[in-house]
Amino acid sequence: MTVAGRYSHLFRPLRVGPVTVANRVVFGAHRTDFAEDGLPSARHTAYYAARARGGAGLVITEAHATHPTDGHHERLVQGYRPEVLRGYRAITESVHRAGVPVLVQLAHIVVPAAAPYVRRPAWAASPVADPVARTVPKAVERHEISAIIDGYARAAELSVEGGFDGVELQCAHPSIVAAFLSPATNRRDDRYGGPLANRARLLLELIGEVRGRIGPARVLGVRLCGDELLDGGSTLADAVELARVLQATGKVDYLGTALGTAATRHVSQASMHIPAGYALHLANAVRRAVDLPVIGEGRFTDPLQADRALADGHCDLVSVVRGQIADPEFAAKARAGFPEAIRGCLSCNQGCVPGVGGPSGEGRLACAENPRVGRESEPDPAPAAASAIQGGRPGSGRWPRRARVAAPGPRPRDVLVAGAGPAGLQAAIAAARAGHRVRVCEAADAAGGQVRLAAAAPGRAEFGELVRNQLAECRRRGRVGGRAAAGGGRARRAVGGRPPVGVGAGGGRARLPRGHGRRRVPRRTRLLRGDRHAGAAGRSGARGNPRPGGLVDPRGGPGHRGDVRAPRHGGGRGGHRGPGGGVAGARADRNGRDPHGGLDGLRAAAGAPGRAVPAAPVPRRAGRAGAAGRRLRGAAPRGRGRGGR
Ligand SMILES: Cc1cc2nc3c(=O)[nH]c(=O)nc-3n(C[C@H](O)[C@H](O)[C@H](O)COP(=O)(O)O)c2cc1C
Ligand code: SF4
């Protein structure tokens with residue numbers, strides 16, 4: 001089937017107000033925490049540009065603040081400050097270079113829980129306690145409402161000056177506009193409270209003012225909450241009625257939809273438990289009420305699902321947020337006819353959501369699938385391979401099945417990776433992309449490390465996609481071979497006895513909950529493995545199940561059995577941690593979570609400048625497989641390992 005036949009709707013252009021988008025894939029708004037001192041950074045520019053080059057039809061930035069009273073976290077872009085212009089121009093020029101329109105999302109966020117951090121009360125429609133933090137915001141007075149409107153208008157003006165094609169007003173989630181729109185949070189008895197016509201007054205005044213400032217040649221979109229899923233909150237019927245009112249203003253170019261609020265995050269950033277397209281009924285209802293283009297959303301990780309949503313008439317555009325965080329070339333790969341090459345988002349919410357969680361400004365957007373998120377501005381260790389899609393021009397169908405390998409550096413090296421968990425595989429991919437010859441050794445009988453265990457938990461099968469995606473990329477790279485190995489000597493023999501560069505990726509350790517006596521807390525890895533001793537095991541009592549000898553072939557072909565025997569015990573005191581090892585260097589994040597035991601390892605393997613073959617730390621209490629890593633590292637001193645080529 002031709003690409004056009006497979007995606008008969010996704011790659012059709014569409015007029016959205018004054019601009020035309022080349023296809024229906026939207027990179028919707030999402031917080032990144034890339035801002036520096038309240039201003040857009042080089043990270044932003046590279047991040048959005050990568051998605052534009054990767055084929056998105058429309059890019060919408062994260063929410064930018066429109067007023068100083070919205071300072072709910074430190075890494076927020078303060079869109080009301082004229083100093084943003086430099087960063088704005090950098091973003092818009094780089095996205096436009098790929099021929100893609102870009103909008104800025106404008107918001108005034110109500111996060112009462114952040115009040116102690118920003119040292120002023122959060123502004124809101126009424127003093128209704130935050131359902132999560134129980135802190136109470138301040139009800140704005142008339143002059144403060146004027147200040148809110150002025151803030152939006154000024155920020156919109158700056159957006160246009162900075163080259164954006166328009167703005168999206170964030171009227172869902174925890175925005176002040178949503179707080180006015182919702183009967184659950186708006187208890188006012190003035191002209192801004194009561195019936196929907198009054199609750200919508202702030203939004204209508206905003207639209208009037210913003211349109212006045214940006215003029216008719218720019219896009220003005222509104223993202224509505226389709227259903228707050230709160231007792232007494234905004235409903236789908238409210239959203240439909242509001243959509244009609246907004247269309248009647250003649251000032252709005254498109255409508256976006258969202259489900260839930262900050263208190264119902266399990267639906268606003270749905271996990272792998274929830275099927276794709278779960279929020280389409282909102283877009284569908286709104287679309288039937290108005291003629292404006294409507295954006296649908298909700299866990300689209302496969303272009304075919306997105307095409308289906310369009311074909312079935314649920315929406316006119318599809319927002320693919322996490323799908324494009326995980327793979328910036330989501331749209332281009334689909335368009336070129338290589339959807340199997342897409343690194344599908346797992347909907348695991350392990351890197352993206354917790355990455356931007358807190359007000360402290362320590363985190364940043366990250367992704368379990370894509371270790372280069374937020375590092376797009378850093379040199380890619382294998383730029384030629386990375387630009388395979390760009391070289392192939394989206395839509396030309398020329399994205400090569402076997403991705404081009406970068407011209408190797410002065411000396412292509414033999415690289416031996418010990419451990420075929422996600423970090424080991426990612427290190428192998430990075431090294432292969434940089435033109436080196438790579439071997440991956442694994443003591444278990446299959447690749448995947450602890451991810452295989454995670455995928456074995458009920459409803460978590462999609463975790464397995466991570467390894468499937470990595471193995472698929474290994475196959476495409478062609479230069480990655482595999483071998484089972486239990487010890488350093490065997491591992492070394494697997495590459496002819498002289499591994500010049502070694503990467504230890506032998507395993508992460510499951511974090512034990514703080515405050516629990518370690519002897520009494522079963523390790524989750526052992527529970528998932530069905531270890532009958534798990535409940536009684538502690539640090540020193542670990543007795544793993546004997547595991548069969550195994551092999552790993554990252555190319556996915558038949559493996560080589562026989563030359564290597566696996567350790568007798570997969571676990572065991574000081575032993576190899578978990579089947580297939582895990583991720584070296586894995587540790588709990590700043591919030592004490594150990595999301596998947598892999599993000600640090602994946603980041604390490606990402607290929608930061610000069611780290612095509614990172615020398616990941618070997619486990620501290622190494623057993624046989626760990627010893628392999630240690631010996632390998634002995635063969636490849638740190639400096640050499642990091643140089644990599
Ligand atoms: C890390 C993260 C941050 C987000 N921040 C915003 C935001 O600033 N504004 C917004 O309207 N939606 C935001 N969202 C919600 C997304 O726009 C989208 O509704 C949600 O991710 C579901 O779409 P998806 O399944 O395609 O990821 C955010 C989502 C994520 C994952
Ligand atoms: S961290 Fe998980 S949910 Fe978030 S974008 Fe990456 S794969 Fe998707």
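**Exercise 1. Contacts of ligand 1**

Determine which side chain has an N or O atom 2.8 Å from a nitrogen atom of ligand 1, and describe the surroundings of this ligand.

*Solution.* 

Step 1. The side chain is that of Gln105, with an N or O atom 2.8 Å from a nitrogen atom of ligand 1. This is a polar contact, that is, a pair of N or O atoms within 3.5 Å; within protein, one must be able to donate a hydrogen and the other to accept it, and residues adjacent in sequence count only if both atoms are side-chain atoms. The model is predicted: local features require pLDDT of at least 70 and side-chain atom pairs pLDDT 80 or more, while totals for chains, interfaces and linings use all residues, and side-chain values use heavy atoms, with hydrogens and water left out. Residues are numbered from 1 along each chain as its sequence is written, and chains are lettered from A and ligands numbered from 1 in the order in which they are written.

Step 2. An N or O atom in the side chain of Arg322 is 2.7 Å from an oxygen atom of ligand 1, and a backbone N or O atom of Ala29 lies 2.6 Å from an oxygen atom of ligand 1.

Step 3. Taken alone, ligand 1 exposes 600 Å², of which the protein buries 94%. Accessible areas come from the Shrake-Rupley method with a 1.4 Å probe; for residues, only the protein chains shown count as cover.

Step 4. Ligand 1 is surrounded by 21 residues, and the closest are Ala29, Arg223, Glu297, Arg299 and Arg322. A residue is near a molecule or strand if one of its heavy atoms lies within 4 Å of it. The shell contains 8 nonpolar, 8 polar and 5 charged residues. Here Ala, Val, Leu, Ile, Met, Phe, Trp, Tyr, Cys and Pro count as nonpolar, Asp, Glu, Lys and Arg as charged, and the others, Gly among them, as polar.

**Exercise 2. Ligand 2 and the cysteines**

Identify which residues come nearest to ligand 2, and state how many disulfides the whole structure has.

*Solution.* 

Step 1. Among the 13 residues around ligand 2, the nearest are Cys345, Cys348, Asn349, Cys352 and Cys367. The shell divides into 7 nonpolar, 4 polar and 2 charged residues.

Step 2. Cys348 has 10% relative accessibility and therefore counts as buried; Cys352 is buried as well, at 12%. Buried means under 20% relative accessible area, exposed over 50%, and partly exposed in between (1.4 Å probe, protein chains only).

Step 3. A search of the whole structure finds 0 disulfides, a disulfide being a pair of cysteine sulfur atoms within 2.5 Å.

**Exercise 3. Aromatic pairs**

State how many aromatic pairs the structure holds, and classify two of them.

*Solution.* 

Step 1. There are 6 aromatic pairs. Rings of Phe, Tyr and Trp (its six-membered ring) pair if their centres lie within 6.5 Å; planes under 30 degrees apart count as stacked, over 60 as edge-to-face and the rest as tilted.

Step 2. The ring centres of Tyr7 and Phe11 are 6.0 Å apart and the planes stand at 80 degrees, so this pair is edge-to-face. Tyr7 and Phe11 are both buried.

Step 3. For Tyr47 and Tyr48 the centres are 5.5 Å apart and the planes at 65 degrees, so this pair is also edge-to-face. Tyr47 and Tyr48 belong to one aromatic cluster with Phe27 and Phe34.

**Exercise 4. Salt bridges**

*Solution.* 

Step 1. The closest N and O atoms of the Arg31–Asp33 salt bridge are 2.6 Å apart. A salt bridge is a side-chain nitrogen of Lys or Arg within 4 Å of a carboxyl oxygen of Asp or Glu.

Step 2. Asp33 has a relative accessible area of 2% and is therefore buried, whereas Arg31, at 22%, is partly exposed.

Step 3. The structure holds 22 salt bridges. Among them is that of Asp327 with Lys333, and both of these residues are buried.
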